[in-house]
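Please look through the sequence and the structure shown below before reading on.

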Amino acid sequence: MTGIHIIDAFLSILVSICALLTGLMDAGTATSTPEVELVSEDKLVFLDAFASGQGVTTDGKYFYTSGSLTALGMTSITKWDAETMEMLVQNDSPIPSEYVNDYGSDHVGGISYYDGKIYAAVENKAEDMPLVITYDARSLKIVDVFELPADDLPDGIPWCCVDGENGYLYCSQFNEVNEILAFDLETMEFLHTIPLSEQVVRIQGGEVYDGVLYLSSDTAHSNDDVIFTVDVESGIVKELCTRSLPSAAGNEAEGVTVYPMADGTFIHVLDYDKTVGVYLRHYKLAE
């Protein structure tokens, strides 16, 4: 066997062992407040978990995820079949080398799908070069790179999402969020802010559907994580639901996307379970 084949065989065996071990682990059952109902979940481990540990979005046929393992300098944008969760396409160099080398850009966060493109929030180590990078949804190849004003995003750009109806891209800082920033979707020129009716914290991802912005908040030092809604016209914040996520080693809520699927699910959330890997959980709204 060649060296490449030996490495491939080793990785295959390692993946099988990890899948077996995680399959034997019982992380418990995720629960939630009555506003949503968990319908199904996809468990992703090892390399699949790496490729899906940050952001998620969908066009209804495919899920797209982002992953970042900054300690090893690994980043990824990945496309999955929405029914089978088979990996279809992966870009493991989603950040242009000049930003990696010159600014230390090393983190792909929340992502959003719109009109054949994926929009990704990208940060660097110093959190002073916030980027939005777009990718062709078919090939996941880079289309454009936009530099956003660092003064408006003092602790990086953890997420971004598209409001296609109004022609905006939304984002915010990570912690102590009092406003949502709106940029022109075509030029990424800053346009205005949406002041929030109350402060939200630790925002990991967002998505817009029918004029409502859904935000995934990771509660520090707790496995109880909140999904908020924001009226993009008024800025009124409401708590949609709280999800309780059991894990021996702790959980971190990550990105969220919203899209009505054939099985009735509408909200799709990534959860990093530090015991077993990453879950993509699918919820329907309570009737």
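**A buried aspartate**

D218 counts as buried because its relative accessibility is 3%, where buried means under 20% relative accessible area, exposed over 50% and partly exposed in between, with a 1.4 Å probe and protein chains only. This is a predicted model, in which local features need pLDDT of at least 70 and side-chain atom pairs count only at pLDDT 80 or more, while totals for chains, interfaces and linings use all residues. Residues are numbered from 1 along each chain as its sequence is written, and side-chain values use heavy atoms, with hydrogens and water left out.

**Around D218**

- D218 lies in the loop that runs between strand 16 (212–217) and strand 17 (224–231); strands (E, at least two residues) and helices (H or I, at least four) are DSSP runs, numbered from the N terminus.
- The side chains of D218 and R202 are joined by a polar contact of 2.6 Å, a term for a pair of N or O atoms within 3.5 Å, of which, within protein, one must be able to donate a hydrogen and the other to accept it, and residues adjacent in sequence count only if both atoms are side-chain atoms.

- An open sheet is formed by four strands in the order 3-4-5-6, with antiparallel pairing, where two strands pair if DSSP finds at least two bridges between them.
- Its edge strands, each pairing on one side only, are strand 3 (55–58) and strand 6 (87–91).
- Strand 4 (residues 62–69) pairs with strand 5 (residues 74–81) in the antiparallel sense over eight bridges, and T65 stands opposite T78 in strand 5.

- The largest pocket has a volume of about 680 Å³; a pocket is an open set of points on a 1 Å grid over the protein atoms alone, where a 1.4 Å probe fits, with protein on both sides within 12 Å along at least five of seven lines, and lining residues have an atom within 4 Å of a point. The volume is the space filled by probe spheres set on the points, which are joined across faces, edges and corners.
- Of the 30 residues that line the largest pocket, G53, Q54, S68, L69 and Y272 are the closest to its centre.
- Helix 2 provides the largest share of the lining of the largest pocket, four residues.
- The second largest pocket holds about 370 Å³ of space, and of its 20 lining residues the closest to its centre are F50, G73, M74, T75 and D92.
- Helix 2 also gives the most to the lining of the second largest pocket, with four residues.
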